[in-house]
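I opened this notebook to record what I looked up in one protein model. The entries follow the order of my reading.

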Amino acid sequence: MPGTSCAEVETIAAIADLPPEALTLLDAAPGLFASRLWWHVVLSHAMPAGSAATFVLIRSAGRIVALLPMLRTGNRLSSLTTFYSCDYVPLLAAGVDPATRLAAMAAFGAFCRTCGIVRLEALPAEWDGLADLQAGVRQSGLRPLRFDHFGNWYEDVGGLDWSAYLHRRPGALRETIRRRLRRAEKLPDARFDLFTRPDQLDRAAEAFESVYRRSWKEPEPFPTFNVALMRAMVETGGLRFGLWSIGAEPIAVQIWVVKDGCAIVLKLAHDEAFKAHSPGTVLTALMLRHLLDQEHVVQIDFGRGDDAYKQGWATQRRQRIGLLLVNPRRAAGAAQLLRHVAGRIRAGLRVRPAPA
């Protein structure tokens, strides 16, 4: 489509009210975290009190060229990201030329000018639209300030079976996995179950809630989210819920999702009373053995964060970043810029070499 220098912004509060063009963008979105299913579960089960969704549509020559799900809380505006989001990108229509994409991002920046600071989170540092987003909001008079948000550990495993994958693990972890699996297989009452069907969901949900209550983890900020996502994903055929039990007692649980050949672990927990059996290690190994040998996934993804244990199971890391879109003409924005400048000065002073 030909380039254009102007774009128009429209906001819609509910997915059901989005026009067909916008729904097509959602349905064509890569991965889980920009899909229509994801937003339905987030809006129903992970919205902060006093907040409301705002789907920002950007049109050029009447056509929707970009869609950004946003969150409004009082006078504050941020990306519609949650404690559970592993990535977030503005959705762009296919065939949008560079000039139109830049104009769309400038229109988004103009929309954000009513706020002193707009926070965007979980952006992939490698996203090919990042430069246009930053340039566009600068055109609108905002200052984009970048920060590191979290790391995402993953491994490309195309063509690998479990044996080949295990051979690539660090020696200490490889031997731990082999030893723990042998020990687990000798337990006469130990059992591994994989739930993927709707008729198994009630049992899976009960096991998840039971183990999570007995785990080391803090209570969930949105307690109904995980099971709601399980119920949504099982309808698409994407859920892989792993359960390791000893006797009738569920000991460890993991929620994985398989989409487009990528297996993502979204939540895991185990009962600390059975720590001597290494239930987390055992269940991760059993899940990966299934995913590699039976489903032949091409990538495994360990979700949010730089937890030390992930770096044995995966060797590749992606950076997720955030952007503060700062309006220097508003008090909050000006104060944020001053803090940013002061922080850079302090950092420069810390690394300045001592005089000879």
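This is a predicted model: local features need pLDDT of at least 70, side-chain atom pairs count only at pLDDT 80 or more; totals for chains, interfaces and linings use all residues.

Entry 1: the largest pocket. I looked up its volume, which is about 780 Å³. Of the 35 residues in its lining, I recorded K217, L268, D307, Y309 and K310 as the closest to the centre. I then listed the elements that give two or more residues to this lining: α6, α8 (225-236), β10 (249-259), β11, α9, β12 (299-304) and α10 (310-313). Strand β11 gives the most, with six residues. By class, I found 20 nonpolar, eight polar and seven charged residues in the lining of the largest pocket.

Entry 2: the second largest pocket. Here the volume is about 620 Å³. The lining has 27 residues, and those closest to the centre are P30, G31, D87, V89 and P124. I noted that α1 (20-28), β5 (91-92), β11, β12 and β13 each supply at least two residues to this lining. The lining of the second largest pocket divides into 17 nonpolar, three polar and seven charged residues.

Entry 3: I searched for cavities of 30 Å³ or more and recorded one. The volume of the largest cavity is about 40 Å³. Its lining consists of F33, A34, W39, P69, D87, Y88, V89 and L91. I classed these lining residues as seven nonpolar, no polar and one charged.

Entry 4: packing of α6 and α9. I looked up how helix α6 (residues 171-186) meets helix α9 (residues 279-293): the angle is about 95° and the axes are 9 Å apart. Because angles from 65 to 115 degrees count as roughly perpendicular, I describe α6 as roughly perpendicular to α9. On the α6 side, the contact is made by I177, R180, L181, A184 and E185. On the α9 side, T281, V282, A285, L286 and R289 take part. By class, this contact has six nonpolar, one polar and three charged residues.

Entry 5: helix α4. Which residues of α4 (residues 130-139) are buried? I recorded L130, D132, L133, Q134, G136 and V137. The buried residues of α4 pack against α3 (98-112), β6 (117-124), β7 (143-156) and β13 (316-326). After α4 comes G141, with a positive phi near 100°.

Entry 6: L325. I placed this residue in strand β13. L325 counts as buried because its relative accessibility is 0%. Leaving aside neighbours within four places in sequence, I listed its contacts as F108, C112, G116, I117, V118, L120, V137, L142, R143 and P144. One of these, V137, is among the buried residues of α4. I also looked up E21, which is 304 residues from L325 along the chain; their C-alpha atoms are separated by 27 Å.

Entry 7: I recorded A122, whose phi is near 60°. A122 is in strand β6, and at 0% relative accessibility it counts as buried. I also recorded S278, with a positive phi of about 50°. S278 sits in the loop between β11 (262-270) and α9.

Conventions: Residues are numbered from 1 along each chain as its sequence is written. Side-chain values use heavy atoms; hydrogens and water are left out. Axes are lines fitted to C-alpha atoms, for helices over the stretch in contact, and angles run from 0 to 180 degrees between N-to-C directions. Helices (H or I, at least four residues) and strands (E, at least two) are DSSP runs, numbered from the N terminus. Angles under 35 degrees count as roughly parallel, over 145 as roughly antiparallel, 65 to 115 as roughly perpendicular and the rest as oblique. Contact means heavy atoms within 4.5 Å. Ala, Val, Leu, Ile, Met, Phe, Trp, Tyr, Cys and Pro count as nonpolar, Asp, Glu, Lys and Arg as charged, and the others, Gly among them, as polar. Buried means under 20% relative accessible area, exposed over 50%, partly exposed in between (1.4 Å probe, protein chains only). On a 1 Å grid over the protein atoms alone, a cavity is a set of points where a 1.4 Å probe fits but cannot get out, and a pocket is an open set with protein on both sides within 12 Å along at least five of seven lines; lining residues have an atom within 4 Å of a point. Grid points are joined across faces, edges and corners, and a volume is the space filled by probe spheres set on the points.
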